[in-house]
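Thanks for coming. I will take one structure today and go through it from the whole chain down to single residues. Please have a look at it first.

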Amino acid sequence: MTGGRALRGGVLLAVGACLVVPILAGLVTTGRAAFGVLPAIGAVDAGLDPWRALIAQPGFASSLRLTLVTGFAATALSVLLAAAAVAVLHRRVRAEWLAPFLAVPHAALAIGLAFLLAPSGWIARGLAPLLGWSVPPDVATVNDPSGVALILGLMAKEVPFLILMLLAALSQIPARTHIAAARALGYGPGVVWVSVILPQLWPLLRLPVRVVLAFSLSVVDVALILGPLNPPTLAVAVTRWFAAPDAALLLPASAGAILQAAVVAGGIAILWGIEQAAAAAGRLWLRRGGRGRTGEPMVALLAAMAAVLAALSVAALIVLAVWSLAFRWPWPAMLPQGWTLRFWMTPGDWWSAAGQTLAIGGTATIAALILAIAWLEGEDRGGHPRARWGEALIYLPLMLPQVAFLFGLNVELLRLGISPGFWAVVWGHVLFVFPYVMIALSDPWRRLDPGHLRSAAALGAGPMRRLVAIKLPLLLRPILIAAAVGFSVSVALYLPTLFLGGGRIATLTTEAVTLSSGADRRVLGVLATLQAVLPVLAFATAGLVPRLLHRNRLGMTGGIVA
């Protein structure tokens with residue numbers, strides 16, 4: 001027990017010193033700059049001038065409006081589509097089918113959707129013979145001023161994530177019993193989900209939905225690829241002001257970053273208010289005896305929209321590969337007239353970017369995995385379940401907008417004499433990889449059959465030997481899946497690489513986002529395809545390695561209590 005306390009204390013100290021304190025320090029530094037205090041550029045007088053300058057920026061009000069509209073719309077539609085899809089297909093959908101959608105980075109999928117939705121994209125090419133288009137239509141289907149393409153791009157990643165969370169939550173309640181009882185009382189299938197199942201799932205879904213909302217309100221890379229360009233969303237505008245050569249823009253940019261954090265906090269508060277109102281309305285509706293049979297077409301329509309979204313995502317990934325192999329692809333042909341491997345055989349800059357992506361992702365994932373295993377082992381040895389404040393520490397980097405603290409964190413690193421570079425980027429990636437590794441590994445770790453450990457202890461094995469010889473081999477598959485999740489998160493990170501690399505570290509994501517504004521589609525197709533393939537290979541490895549290592553040891557797959 002003493003060793004457990006020491007291990008837990010050491011892990012909490014490491015998490016606090018290396019993850020939590022730097023995030024809070026970065027937030028404080030950005031906050032001071034937002035009120036005019038940034039000694040690095042000679043600003044020492046506190047005041048509200050940065051906020052006045054922020055409000056005076058061209059397009060500020062439009063940026064704020066776009067942020068709210070796209071963030072709330074993407075989150076609300078994602079929740080509705082995911083809930084309807086699970087309601088209709090929960091007995092036929094397997095979580096493994098979602099892995100390709102979850103593994104592909106946001107930026108790669110957004111680039112594929114841009115190829116699909118553009119006026120010269122696959123959808124327009126398919127409609128051209130029917131509508132008689134001799135040239136691509138003059139319609140802004142990507143980077144549209146209302147943000148529809150951005151909403152669609154966010155939903156393409158968020159719906160599979162929420163479906164996975166719903167399936168995981170569904171396994172923790174007796175759903176079939178509840179459905180059978182409600183149907184016997186005369187309720188329609190759709191209303192059973194709305195009135196009986198979803199209220200039980202929501203407490204387990206609340207935190208993932210808040211993470212989705214925070215991400216949708218503050219995303220930068222997807223907004224740069226699919227979102228409105230002028231004015232852009234607030235997060236994109238703030239990032240541009242931070243990167244501008246005029247140092248005077250750093251102060252209003254900091255004010256914008258703090259405003260971005262306030263927008264996310266306000267969004268979560270509004271979500272809480274909607275929860276309370278929906279619960280009250282639901283109770284009133286049930287007391288009035290509503291059976292909701294007329295709601296069935298709406299549930300079916302939303303499920304069909306989820307299926308269309310999945311089809312668009314698959315098509316987006318296919319068109320990435322097609323563009324990377326295209327030699328000549330004139331309008332309105334559905335496929336290239338010539339194919340080539342030239343853009344794959346002449347690596348150029350993508351070779352270096354792929355190497356940096358692998359090195360940064362691999363190093364950050366290993367560090368996060370070691371920290372997560374130490375945390376979980378400390379919980380086991382201490383014999384205490386995780387407290388709510390522990391969960392809050394894990395989710396902290398996911399709930400705060402990245403732009404709100406990364407600038408301040410960069411300033412603090414420079415003040416300590418740590419220059420932007422490879423190791424700073426690795427550390428920045430660990431900030432975001434660690435929470436996802438913990439989320440992926442915590443449940444399998446807790447479900448490990450304690451009988452194995454008791455048997456090992458009875459045979460004289462100490463805590464370290466039980467960890468190395470029993471737990472880690474039995475949990476090899478969940479550990480490798482958690483590593484694959486962490487690696488895919490690292491591959492997708494854009495802002496931490498941009499800020500902590502000082503613009504000198506090029507990964508596949510930073511290169512793809514930079515080139516998405518008008519580079520050769522074939523080069524962009526190579527970068528985005530590579531960006532999508534690397535995480536998929538990581539998940540494939542996570543599934544293959546345990547099968548090879550344990551092919552003659554059937555007991556190694558039975559260590560988890562269902």
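Among contacts in the protein chain between residues at least 6 apart in sequence, what share joins residues at least 24 apart? The figure is 80%. Keep in mind that this is a predicted model, and that every value I quote is computed from it.

Let me start with the overall picture. The protein chain has 24 helices and 2 strands. The C-alpha trace spans about 70 × 65 × 55 Å along its principal axes. For 562 residues, a compact globule would have a radius of gyration near 24 Å, and the chain comes out at 25 Å, so the two agree. Of those 562 residues, 49% count as buried. The accessible surface comes to about 25400 Å², and carbon and sulfur atoms account for 68% of that.

Now the inside. In soluble globular proteins, nonpolar side chains tend to be buried together. In this model, the largest nonpolar core has 170 residues. Ile197, Leu226, Phe242 and Phe434 are the residues with the most contacts inside this core. Helix α7, residues 148-170, supplies the largest share of the core, with 13 residues.

Take Phe242 from that list. Which residues does Phe242 touch, leaving out those up to four places away in sequence? They are Leu250, Ala253, Ser254, Ala257, Val403, Phe407 and Phe499.

Next, Leu398, which sits in helix α16, residues 388-399. Its relative accessible area is 10%, and because the cut-off for buried is under 20%, Leu398 counts as buried. Beyond four places in sequence, Leu398 touches Val211, Ala214, Phe432, Pro435, Tyr436 and Ile439. For a sense of distance, the C-alpha atoms of Leu398 and Ala248 are separated by 29 Å, and these two residues are 150 apart along the chain.

Arg522 is in helix α24, residues 521-549. With a relative accessible area of 19%, Arg522 is still under the 20% limit and is therefore buried. Setting aside residues up to four places away in sequence, Arg522 touches Trp323, Ser324, Ala326, Phe327 and Phe343.

That brings me to charge pairs. Side chains of opposite charge can pair when their charged atoms come close. How many salt bridges does the count come to? The count is 9.

I will go through some of them. Arg206 forms a salt bridge with Glu275, and their closest N and O atoms are 3.0 Å apart. This pair links distant parts of the chain, with Arg206 in helix α9, residues 189-218, and Glu275 in helix α12, residues 250-287, a separation of 69 residues. Buried or partly exposed? Arg206 is partly exposed at 27% relative accessibility, whereas Glu275 is buried at 11%.

The second pair is Glu377 and Arg381, whose side chains meet in a salt bridge of 2.7 Å, N to O. Both lie in helix α15, residues 349-382, and because they are 4 residues apart there, about one helical turn separates them. Glu377 is buried, at 4% relative accessibility. Arg381, with a relative accessible area of 25%, is partly exposed. This pair also belongs to a network of salt bridges that links Glu377, Asp380, Arg381 and Lys471.

Asp443 is partly exposed at 40% relative accessibility, and Arg447 is partly exposed at 34%.

Last, the surface. Which residues make a nonpolar surface patch of about 380 Å²? The patch is made by Ile123, Leu127, Leu130 and Leu131. Ile123 has its place in helix α6, residues 122-131. At 36% relative accessibility, Ile123 counts as partly exposed.

To go back over the main points: the chain has 24 helices and 2 strands, the largest nonpolar core has 170 residues, and the salt bridges number 9. That is all from me.

Definitions and conventions. Residues numbered from 1 in each chain as written. Heavy atoms only, no water. Core = buried A, V, L, I, M, F, W, Y, C linked by side-chain atoms within 4.5 Å. Buried < 20%, exposed > 50% of the residue type's maximum accessible area, 1.4 Å probe, protein only. Contact = heavy atoms within 4.5 Å. Patch = residues over 30% accessible without salt bridge, like charges linked within 9 Å, V, L, I, M, F, W, Y side chains within 5 Å. Areas by Shrake-Rupley, 256 points an atom, 1.4 Å probe, with all protein chains shown as cover. Salt bridge = Lys/Arg side-chain N within 4 Å of Asp/Glu carboxyl O. Rg over C-alpha atoms; globule rule 2.2 N^0.38 Å.
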